[in-house]
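Trainee: I would like to learn how to read a protein model. Could we go through one together?

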Amino acid sequence: MSGPCSYDRPRRIRRGAALTLFLAGVLATGAVTGTWSDEAAGAAGRIAPDGKAQAHAPASAFADRKAVERAASEAVEDGKSGSQAAADVVSRSGDRWSTIYTPGQFEDFQEQLGGAYVGVGLWVRQADGGRIEVSRVQSGSPAARAGIARGDRLRAVDGHPTLDTPVTEVVSRLRGVAPDGSRASAAAAGTPVSLDLQRGARHWTATVHRTRLRSRNVVTDHPDGVRGPTRVKVAAFAKGTGKAVRRAVRDASPRHGMLLDLRGNTGGLVTEAVTTASAFLDGGLVATYDVRGSQRALYAERGGNTRVPLVVLVDGGTMSAAELLAGALQDRGRAVVIGSPTFGKGSVQMPSTLPDGSVAELTVGHYRTPAGRTVDDAGITPDLAVGHGAEKRARTVLSGLGGGA
């Protein structure tokens, strides 16, 4: 069976159609589910992608698709908001990764997956107690210039408190999308947004101006020059990420090796994570997953570079599709994984349209690594646990794999 495909033409999604799989945390555009950025509504995620309303719900909780669709239909018939009724059902289900998009939010999310968006350069996620926390800041963005950093708490957007607010709604306010979620209402580049922030005991307000941004999800460099390893930083798995990594692998020196940095990677499109895995594997299993009890598998393409020495860097911000990739390379004996335990987001989401045109991205199953390990809640345990100085240790390990100068 073929793997999941990427989002395409949201208005043509048939109700219940499985057009895309997300391992949340996405780009939200924030993300794939799990962590979200102002770039979209993200994992994501979305990503978007990043914890939703029930931050401590059991990993096994699934929102019932039929109940979600029924609630939305009844609300529309009564002249009420179908998306809000659907969101209420998801919240009561305890499914922390499912979410509901208005039509405009979903279109913005699609745009973010393409790499361009209007925003301030923040990814946010829902943390313990319903708090909204910054999970990533895009370099050179308005948020970065304002001194906002990962881990800062976002208390309010334009005076609207964020506590216990769905991540998609917070992201919409960051992007300047009206409460009805209509795309036509999205704020233009240059418009201001006021952010109420907290870092430890410090509270402050920053006013930043939205701008047109382009995500650089893959950055390749040689920090030690041509005599050192190739470092590839992958921030999220949006469209084109896999191809960019494959180009970097083709140019890497078999002698000096490669550092694949997945720290802070919020996840993204499963297809892009599999394409990335294919850059390092000569075919074979990448992951298995279940969709409402039906078992399926994802396979790498043949012809990847299996010779270049490889070390993968991970941390607690490594989520979802990034965990799938790290787990696959670890189980297949293709890489040494170094850093701290990953986030533990291993559920799969699929989108379907609701009667009012909104989109329900609902959890349908979980994935496992090639060795059968579950990722949800457990995360990926590194081969070598290192906190501070992880990259330095990775270079040492890489030199022992034949990737030294």
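**Reading the model step by step**

Mentor: Begin with helix α6: its buried residues pack against β14 (218–221), β15 (230–234), β16 (258–261) and α7 (270–278). Keep in mind that this is a predicted model.

Trainee: Which residues of α6 are buried?

Mentor: Within α6 (residues 241–251), the buried ones are Thr241, Gly242, Ala244, Val245, Arg246, Ala248 and Val249.

Trainee: How are the strands of the sheet arranged?

Mentor: In general, strands in a sheet pair through backbone hydrogen bonds, in either a parallel or an antiparallel way. Here 6 strands make an open sheet with mixed pairing, and their order is β14-β15-β16-β20-β21-β24. At the edges stand β14 and β24 (384–385); each has a single partner strand, so one side of each has no neighbour in the sheet.

Trainee: In which sense do β21 and β24 pair?

Mentor: Strand β21 (residues 336–339) pairs with β24 in the parallel sense, over 2 bridges. Ile338 is opposite Leu384 of β24. Helix α8 packs on the sheet, where it touches β16, β20 (310–314) and β21. The direction of α8 makes about 145° with that of β20.

Trainee: What should I look for in a nonpolar core?

Mentor: The general idea is that nonpolar side chains tend to be buried together in soluble globular proteins. In this model the largest nonpolar core has 44 residues, and Leu260, Leu262, Phe280, Val312 and Leu329 have the most contacts inside it. Helix α8 (residues 321–331) supplies the largest share of this core, 7 residues.

Trainee: What does Leu260 touch, leaving out residues up to four places away in sequence?

Mentor: Leu260 touches Val232, Val234, Phe280, Leu310, Val311, Val312, Leu313, Leu325 and Leu329. There is also a second, separate core of 19 residues, including Val157, Val170, Leu174 and Ala206.

Trainee: Is Glu391 buried or exposed?

Mentor: Glu391 counts as buried because its relative accessibility is 16%, and buried means under 20%. Glu391 lies in helix α9 (residues 390–403). Apart from neighbours within four places in sequence, Glu391 contacts Arg231, Leu259, Arg263 and Leu313.

Trainee: How many residues line the second largest pocket, and which lie nearest its centre?

Mentor: The second largest pocket is lined by 15 residues, with Arg136, Val137, Ser139, Arg216 and Ala235 nearest its centre. About 350 Å³ of space lies in this pocket. Strand β8 (residues 132–137) gives the most to its lining, with 3 residues.

Methods:
Residues numbered from 1 in each chain as written. Predicted model: local features only at pLDDT ≥ 70, side-chain atom pairs only at ≥ 80, totals over all residues. Heavy atoms only, no water. Core = buried A, V, L, I, M, F, W, Y, C linked by side-chain atoms within 4.5 Å. Buried < 20%, exposed > 50% of the residue type's maximum accessible area, 1.4 Å probe, protein only. Helix = DSSP H or I, 4+ residues; strand = E, 2+ residues; numbered from the N terminus. Contact = heavy atoms within 4.5 Å. Pairing = 2+ DSSP bridges. Axes fitted to C-alpha atoms, helices over the stretch in contact; angles between N-to-C directions. 1 Å grid on protein atoms, 1.4 Å probe; cavity = no way out; pocket = protein on both sides within 12 Å on 5 of 7 lines; lining within 4 Å. Points joined across faces, edges and corners; volume = space filled by probe spheres on them.
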